[in-house]
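Please have a look at the sequence and the model before I go on.

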Amino acid sequence: KAGSVVLSFFSQTQDGKKIFTMNADMPIGILMPENYDYSVFAWTKNFDKLLAKHIERISSHSIVAQEIPTVKTLYADALILEKFNIDEGILNPVENIEEDGVLTLDGKYKLWVETLKMNYLGLVSEY
(Lines give C-alpha, C1' and ligand atoms only; values in the text may rest on other atoms or scores of the structure.)
Protein backbone atom coordinates (compact mmCIF):
# COMPACT_ATOMS: atom_id res chain seq x y z
CA LYS A 1 0.00 0.00 0.00
CA ALA A 2 1.34 3.41 -0.93
CA GLY A 3 1.62 6.03 1.79
CA SER A 4 -0.87 8.86 1.99
CA VAL A 5 -0.16 12.56 2.17
CA VAL A 6 -1.41 14.43 5.22
CA LEU A 7 -2.47 17.98 4.49
CA SER A 8 -2.91 20.57 7.20
CA PHE A 9 -4.01 24.20 7.13
CA PHE A 10 -3.69 26.62 10.04
CA SER A 11 -5.04 30.12 10.61
CA GLN A 12 -5.12 32.32 13.69
CA THR A 13 -7.86 34.81 14.42
CA GLN A 14 -7.39 38.27 15.85
CA ASP A 15 -8.86 37.10 19.16
CA GLY A 16 -6.22 34.32 19.43
CA LYS A 17 -8.26 31.32 18.25
CA LYS A 18 -6.21 28.76 16.32
CA ILE A 19 -8.10 27.07 13.47
CA PHE A 20 -6.70 23.82 12.05
CA THR A 21 -8.08 21.82 9.14
CA MET A 22 -6.41 18.55 8.19
CA ASN A 23 -7.01 15.21 6.52
CA ALA A 24 -5.05 12.77 8.69
CA ASP A 25 -6.48 9.28 8.46
CA MET A 26 -5.56 8.36 12.00
CA PRO A 27 -6.93 9.87 15.19
CA ILE A 28 -4.98 12.33 17.29
CA GLY A 29 -6.25 11.04 20.62
CA ILE A 30 -5.78 14.21 22.65
CA LEU A 31 -7.95 17.11 23.75
CA MET A 32 -7.47 20.63 22.45
CA PRO A 33 -7.61 23.79 24.60
CA GLU A 34 -10.65 26.03 24.24
CA ASN A 35 -8.91 28.41 21.83
CA TYR A 36 -8.16 25.60 19.36
CA ASP A 37 -10.67 24.75 16.62
CA TYR A 38 -9.47 21.51 15.09
CA SER A 39 -11.32 19.62 12.36
CA VAL A 40 -10.19 16.45 10.63
CA PHE A 41 -11.64 15.42 7.26
CA ALA A 42 -10.05 11.98 6.88
CA TRP A 43 -11.66 11.18 3.53
CA THR A 44 -10.74 14.49 1.84
CA LYS A 45 -7.46 13.75 0.08
CA ASN A 46 -7.69 16.47 -2.59
CA PHE A 47 -5.64 19.59 -1.78
CA ASP A 48 -8.09 22.04 -3.36
CA LYS A 49 -11.12 20.51 -1.63
CA LEU A 50 -9.46 20.54 1.79
CA LEU A 51 -8.28 24.11 1.27
CA ALA A 52 -11.85 25.10 0.31
CA LYS A 53 -13.11 23.53 3.55
CA HIS A 54 -10.51 25.49 5.53
CA ILE A 55 -11.41 28.75 3.78
CA GLU A 56 -15.08 28.08 4.50
CA ARG A 57 -14.25 27.47 8.18
CA ILE A 58 -12.29 30.73 8.54
CA SER A 59 -14.55 32.93 6.38
CA SER A 60 -16.49 34.31 9.36
CA HIS A 61 -13.34 35.23 11.33
CA SER A 62 -10.82 38.06 11.17
CA ILE A 63 -7.56 36.29 10.40
CA VAL A 64 -4.12 37.69 11.26
CA ALA A 65 -1.10 37.31 9.00
CA GLN A 66 1.30 34.63 10.21
CA GLU A 67 4.93 33.93 9.55
CA ILE A 68 5.90 30.37 8.82
CA PRO A 69 6.25 28.76 12.27
CA THR A 70 9.74 27.95 13.47
CA VAL A 71 10.70 24.69 15.16
CA LYS A 72 10.84 26.64 18.43
CA THR A 73 7.23 27.84 17.95
CA LEU A 74 6.01 24.35 17.06
CA TYR A 75 7.78 22.90 20.11
CA ALA A 76 6.21 25.55 22.38
CA ASP A 77 2.75 24.68 21.02
CA ALA A 78 3.45 20.97 21.57
CA LEU A 79 4.38 21.67 25.21
CA ILE A 80 1.13 23.60 25.71
CA LEU A 81 -0.88 20.68 24.31
CA GLU A 82 1.09 18.15 26.39
CA LYS A 83 0.53 20.07 29.65
CA PHE A 84 -3.14 20.63 28.86
CA ASN A 85 -3.69 16.90 28.22
CA ILE A 86 -1.79 15.85 31.34
CA ASP A 87 -3.95 18.26 33.37
CA GLU A 88 -7.11 16.88 31.70
CA GLY A 89 -6.13 13.26 32.47
CA ILE A 90 -5.59 12.15 28.86
CA LEU A 91 -1.80 11.80 28.97
CA ASN A 92 0.33 10.39 31.77
CA PRO A 93 3.06 12.62 33.20
CA VAL A 94 6.49 11.94 31.70
CA GLU A 95 7.73 10.21 34.85
CA ASN A 96 4.90 7.62 34.61
CA ILE A 97 5.15 6.80 30.90
CA GLU A 98 7.58 3.89 31.23
CA GLU A 99 5.31 2.07 33.67
CA ASP A 100 1.82 3.20 32.53
CA GLY A 101 2.28 4.18 28.86
CA VAL A 102 1.64 7.53 27.22
CA LEU A 103 -2.17 7.49 27.45
CA THR A 104 -4.24 7.18 30.61
CA LEU A 105 -7.29 4.90 30.59
CA ASP A 106 -9.42 7.93 29.64
CA GLY A 107 -6.97 8.74 26.86
CA LYS A 108 -7.11 5.17 25.54
CA TYR A 109 -10.90 5.26 25.55
CA LYS A 110 -10.92 8.61 23.69
CA LEU A 111 -8.51 7.22 21.09
CA TRP A 112 -10.68 4.12 20.63
CA VAL A 113 -13.84 6.21 20.12
CA GLU A 114 -12.03 8.51 17.66
CA THR A 115 -10.75 5.49 15.72
CA LEU A 116 -14.27 4.13 15.35
CA LYS A 117 -15.66 7.52 14.28
CA MET A 118 -12.87 8.09 11.80
CA ASN A 119 -13.06 4.62 10.26
CA TYR A 120 -16.84 4.63 9.89
CA LEU A 121 -17.65 8.33 9.42
CA GLY A 122 -14.39 9.79 8.10
CA LEU A 123 -14.79 12.80 10.38
CA VAL A 124 -13.62 13.59 13.87
CA SER A 125 -14.10 17.20 14.82
CA GLU A 126 -14.58 17.22 18.60
CA TYR A 127 -11.14 18.57 19.44
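Let me begin with Leu121, which lies in helix α4, residues 105-121, where helices (H or I, at least four residues) and strands (E, at least two) are DSSP runs, numbered from the N terminus. Before I go further, please keep in mind that this is a predicted model, in which local features need pLDDT of at least 70 and side-chain atom pairs count only at pLDDT 80 or more, while totals for chains, interfaces and linings use all residues. Residues are numbered from 1 along each chain as its sequence is written, and side-chain values use heavy atoms, with hydrogens and water left out.

Is Leu121 buried or exposed? With a relative accessible area of 56%, Leu121 is exposed, given that buried means under 20% relative accessible area, exposed over 50%, and partly exposed in between, with a 1.4 Å probe and protein chains only. Leu121 also belongs to a nonpolar surface patch, together with Tyr109, Trp112, Leu116 and Tyr120, and these residues have about 640 Å² of accessible area together. Such patches are made of residues with over 30% relative accessible area and no salt bridge, like charges being joined within 9 Å and nonpolar side chains (Val, Leu, Ile, Met, Phe, Trp, Tyr) within 5 Å. The areas themselves come from the Shrake-Rupley method with a 1.4 Å probe, and for residues only the protein chains shown count as cover.

Now for the chain as a whole. It has four helices and five strands, and from the N terminus on the elements run β-β-β-α-β-α-α-α-β. Of its 127 residues, 33% count as buried, and the C-alpha trace spans about 45 × 35 × 25 Å along its principal axes.

In soluble globular proteins, nonpolar side chains tend to be buried together. Here the largest nonpolar core has 14 residues, and those with the most contacts inside it are Met22, Ile30, Met32, Tyr36, Tyr38, Val40 and Leu81. Strands β2 (18-22) and β3 (36-41) each supply at least two residues of this core, and the largest share, three residues, comes from β3. By a nonpolar core I mean a set of buried Ala, Val, Leu, Ile, Met, Phe, Trp, Tyr and Cys residues joined through side-chain atoms within 4.5 Å.

Why can we call β2 largely enclosed by the rest of the structure? Five of the five residues of β2 are buried, so the strand is largely enclosed. Both of its faces are covered, with Lys18, Phe20 and Met22 buried on one side and Ile19 and Thr21 buried on the other.

How do the strands pair? Two strands pair if DSSP finds at least two bridges between them. Strand β1 (residues 8-13) runs antiparallel to β2, and five bridges join them; Phe9, for instance, has Thr21 as its bridge partner in β2. In the hairpin of β1 and β2, which has four residues between the strands, Gly16 takes a positive phi near 95°. On the other hand, β2 and β3 pair in the parallel sense over five bridges, with Phe20 partnered by Tyr38 in β3.

Finally, the charged pairs: a search of the whole structure finds six salt bridges, a salt bridge being a side-chain nitrogen of Lys or Arg within 4 Å of a carboxyl oxygen of Asp or Glu. In one of them Lys17 pairs with Asp37, the closest N and O atoms being 4.0 Å apart. Lys17 lies in the loop between β1 and β2 and Asp37 in strand β3, so this pair ties together parts that are 20 residues apart in sequence. Asp37 also forms a salt bridge with Arg57, where the closest N and O atoms are 2.5 Å apart, and this pair links Asp37 in strand β3 to Arg57 in helix α1 (residues 47-58).

Lys110 counts as buried at 14% relative accessibility, and Glu114 counts as buried at 4%.
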